[in-house]
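Trainee: I have not looked at this structure before. Please show me how to read its features step by step.

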Amino acid sequence: MACSSLVRLNGASSSWIAGQQPVNHRPGLAARFRSRNVSVIRAGSYTDELIKTAKSIASPGRGILAIDESNATCGKRLASIGLDNTETNRQAYRQLLLTTPGLGEYISGAILFEETIYQSTTDGKKFVDCLRDENIVTGIKVDKGLVPLPGSNDESWCQGLDGLDSRSAEYYKQGARFAKWRTVVSIPCGPSALAVTEAAWGLARYAAISQENGLVPIVEPEILLDGDHPIERTLEVAEQVWAEVFYYLAENNVIFEGILLKPSMVTPGAEHKEKASPDTIAKYTLSMLKRRVPPAVPGIMFLSGGQSEVEATLNLNAMNQSPNPWHVSFSYARALQNTVLKTWQGHPENVEAAQKALLVRAKANSLAQLGKYSAEGENEEAKKGMFVKGYTY
């Protein structure tokens, strides 16, 4: 979607229009505390379980496998290897991934799409049970996708709060123990203060509802790679977004010890003339996180956002060269699956080879989480970028 350049609103707590003074969107701390009593943070009867689940997912040398693509997006992946978008083909691909022997050594959680949490293997074993046998926690995508945000600079907001309480309770019954809600922020589109506030508020409401139903919420305001901006601009926007997110998480009494974050890495825009090194990306990303994320949060599980498989692993490795206040790991989709899909090609005789390819990528990122990864010996396919302008999930 094209972005208008007539009005540009920057910042989470203030905005500007040429010739006017900044407009404040939130009252100051003193005013807020005068207007209400300080509430006690709570998450019902699930508090201890939430903290235990979050710590389990944020365990050394392990990260998250994200296979929560919508059926439409999964169809695009299947089409790339010549397969029709049918439930049978989707089930076959997800079975390949979720029944990989030894996957739990490197993967602590798997995010599923709603269809998948109800599916079973061709032998009748529920996918949730396959994950449990590998000591992998089941997660579930709960948002209902992005739609245009009225009154914004051609930006989006994430829908799905209606009915979320009852859906979350049902997902818990099906075996899910954590949830994911993805909203996006576009730098070429501003971002407007309206879009940032909407993203932060939606994430906070979702997180509170998830915790009330026993699900650890993954908080994901993805700052898209689209654009030709420098890394300094990404840093500026990331700091604004995460400041707003944590403000509203606190306002909604979300327990920080019972959440996980899924941030974008701080990189230049995908169309910027100069690429940043892993060390530079690590420096900017960790600086942003240390300024915005409380140490009470147990885990930072990065999204790959269109980076190549090797890029995503190298950047994660660079961020784990010294101790961090939180578990710094991965929650990758394409950066774990690209080579797997191309190895499989939809042929049953290729399943074992494809599963081995998944273990190769999972182990590489496990080593990166421990700060021990080397790109030596990586094949050329794993080095190919996967950025798609205007990508939809």
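Mentor: Begin with the surface. The model is predicted. The protein chain exposes about 16,700 Å², and carbon and sulfur atoms supply 52% of that area.

Trainee: How many helices and strands are in the protein chain?

Mentor: The protein chain has 13 helices and twelve strands. Of its 393 residues, 56% count as buried.

Trainee: What share of the contacts between residues at least 6 apart in sequence join residues at least 24 apart?

Mentor: In the protein chain, that share is 79%.

Trainee: How do I read a single helix?

Mentor: An α-helix has 3.6 residues a turn, so residues three or four places apart point the same way. Take helix 4, residues 87-98, as the case. Its twelve residues reach 16 Å from the first C-alpha to the last, close to the 16 Å expected at 1.5 Å a residue.

Trainee: Is helix 4 mostly covered or mostly uncovered?

Mentor: Mostly covered, as nine of the twelve residues in helix 4 are buried. The buried residues include R90, Y93, R94 and L97.

Trainee: What about a strand?

Mentor: Look at cover and at partners. Strand 3, residues 63-67, has five of its five residues buried, so the rest of the structure largely encloses it. Strand 3 runs parallel to strand 4 (residues 107-112), joined by five bridges; one of the pairs is G63 with I107. Strand 3 also runs parallel to strand 12 (residues 327-332), here with two bridges. In strand 12, Y332 is the bridge partner of L65.

Trainee: How do I read a nonpolar core?

Mentor: In soluble globular proteins, nonpolar side chains tend to be buried together. Here the largest nonpolar core has 104 residues, and those touching the most other members are Y206, F246, L249, L261, F302, Y332 and W344. Helix 9, residues 231-251, gives this core its largest share, eleven residues.

Trainee: Which residues is L249 in contact with, leaving aside neighbours within four places in sequence?

Mentor: L249 is in contact with L203, A204, A207, V219, V254, F256 and I259.

Trainee: Why does T53 count as buried?

Mentor: The cut-off for buried is under 20% relative accessible area. T53 counts as buried because its relative accessibility is 9%. This residue is found in helix 2, residues 47-57. Not counting residues up to four places away in sequence, T53 touches V137, R177 and V216.

Key:
Residues numbered from 1 in each chain as written. Predicted model: local features only at pLDDT ≥ 70, side-chain atom pairs only at ≥ 80, totals over all residues. Heavy atoms only, no water. Helix = DSSP H or I, 4+ residues; strand = E, 2+ residues; numbered from the N terminus. Buried < 20%, exposed > 50% of the residue type's maximum accessible area, 1.4 Å probe, protein only. Contact = heavy atoms within 4.5 Å. Areas by Shrake-Rupley, 256 points an atom, 1.4 Å probe, with all protein chains shown as cover. Expected span 1.5 Å × (residues − 1). Pairing = 2+ DSSP bridges. Core = buried A, V, L, I, M, F, W, Y, C linked by side-chain atoms within 4.5 Å.
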